[in-house]
Amino acid sequence: MTTSTAIPFNKPYLSGKETTYIEEAVRSGKISGDGLFTKRCHQFFEERFGFHKVLLTTSCTDALEMAAILLDLQPGDEVIVPSYTFVSTPNAFVLRGAKIVFADSTALNPNIDAAAIEALVTPRTRAIVPVHYAGIACDMDAIQALAARHGLAVVEDAAQAIDSYYNGKPLGSLGELAAFSFHETKNIISGEGGMLAINDPRFAQRAEIIREKGTNRSSFFRGEVDKYGWVDMGSSFLPSDIIAAFLYAQLENLDQIQDQRKALWQVYHTALSSLSKYGVGVPNLPAYATNNGHMFYLTCTSLAERTALIEHLREQQILPVFHYLSLHKSPFYADKHDGRELPWSDFYTDCLVRLPLYYELTPALQQRVISAILNFYHSR
């Protein structure tokens, strides 16, 4: 039973200008896709992070599906994906007929184990999809070197990785393609929404066509062709400019949002690192990665311990959540998996718990969470 005094897992941040910009978009007379605010968002991302080209989409799922189309995957082609991820990551490639080859996570964090990928490569492998879990970079040098050796594409699932970096390079700028999320649980939000970052110029023009239902409509509106028609496969992946208007109000406050979230993350890290004496883990940040304050999690020693911790916190009106279930064991894909055990993916499935972290989490509320967790372990 929860009440209004409960500390939620997430609370969407509002800058105050979202509705102002939505009204401006409505008054402009163009609220379908690629309006004024969409263009502002595109310019922001391309200038700030150096992406060759970006295209807003209605979700990160759609961005991944566009990436799968751009790679021209054929039935039977193989794509290497971590088992510990959201279903959208492999599903985008399953829709193109690809076979998913699941990789394990690392012992240090839920990211894909780069050292284990090469053994999974076959003549049918076409792409690797690293997922930057909690906004913490995968080992991209190792992944890109492997991809170069075998002629594979790299598609970054950067759903959680806005404004995070690998050796000084923005996540989402390293693979040929990358997908971002602006779901309400992310740092920068538009309710639902996403973005495809295109870093290989070869994909830029076709990405526009795929996003516009397989037509060259964007070229027509730029005056590059005198009429537009159906020239490729595609779907309606572009969002309304109303969504972009909401998103732009968030982007104007990116630094402020990030500073606050990272400060909250650091408070958790400082206060809870001592739980290591109980075998409890906190997020591991490799030297090559930065923290973007997306998520703070603990890893318990067992499923039973995590269940007890969550129950203890809920009794005190604190609402943590666990996260992904190993996809290689999912009802849909278990009989298609090759039978390999993926123990670290299963470990995070059973033992990882995500703590409340949102812009308006006050010091007093955060201390309530911390105290409840420490009391749980000290009293065992």
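**Exercise 1. Find the partner of Val81: which residue in S3 is its bridge partner?**

*Solution.* Step one: keep in mind that you're looking at a predicted model. Step two: go to Val81 and look across to S3, where its bridge partner is Phe102. Step three: check how the two strands run. S2 and S3 pair in the parallel sense, over 5 bridges. Together, S2, helix H4 (residues 88-94) and S3 make a right-handed β-α-β unit.

**Exercise 2. Now look at the pairing of S2 with S4: in which sense do they pair, parallel or antiparallel?**

*Solution.* Start with the stretches: S2 covers residues 78-82 and S4 covers residues 125-128. They pair in the parallel sense over 3 bridges. Next, pick out residues that face each other. Val79 stands opposite Ala127 in S4, and the bridge partner of Ile80 in S4 is Ile128.

**Exercise 3. Work out which way the side chains of S2 point, and say whether they are buried or exposed.**

*Solution.* Now sort the residues of S2. Glu78, Ile80 and Pro82 point one way, while Val79 and Val81 point the other way. Last, check the burial: 5 of the 5 residues in S2 are buried, so the strand is mostly covered, given that buried means under 20% relative accessible area.

**Exercise 4. Locate Asp34 and explain why it counts as buried.**

*Solution.* Begin with the place: Asp34 is in the loop between helix H1 (18-27) and H2. Then compare its value with the cut-off. Asp34 has a relative accessible area of 16%, and buried means under 20%, so Asp34 is buried. Now see what is around it. Leaving aside neighbours within four places in sequence, Asp34 is in contact with several residues, among them Lys39, His42, Leu238 and Pro239. Arg211 is in contact with Asp34 too, and a polar contact of 2.9 Å joins the side chains of Asp34 and Arg211.

Definitions and conventions:
Residues numbered from 1 in each chain as written. Predicted model: local features only at pLDDT ≥ 70, side-chain atom pairs only at ≥ 80, totals over all residues. Heavy atoms only, no water. Pairing = 2+ DSSP bridges. Helix = DSSP H or I, 4+ residues; strand = E, 2+ residues; numbered from the N terminus. Buried < 20%, exposed > 50% of the residue type's maximum accessible area, 1.4 Å probe, protein only. Polar contact = N/O pair within 3.5 Å; in protein donor to acceptor, adjacent residues only side chain to side chain. Contact = heavy atoms within 4.5 Å. Right-handed = clockwise from strand over helix to strand, strands pointing away.
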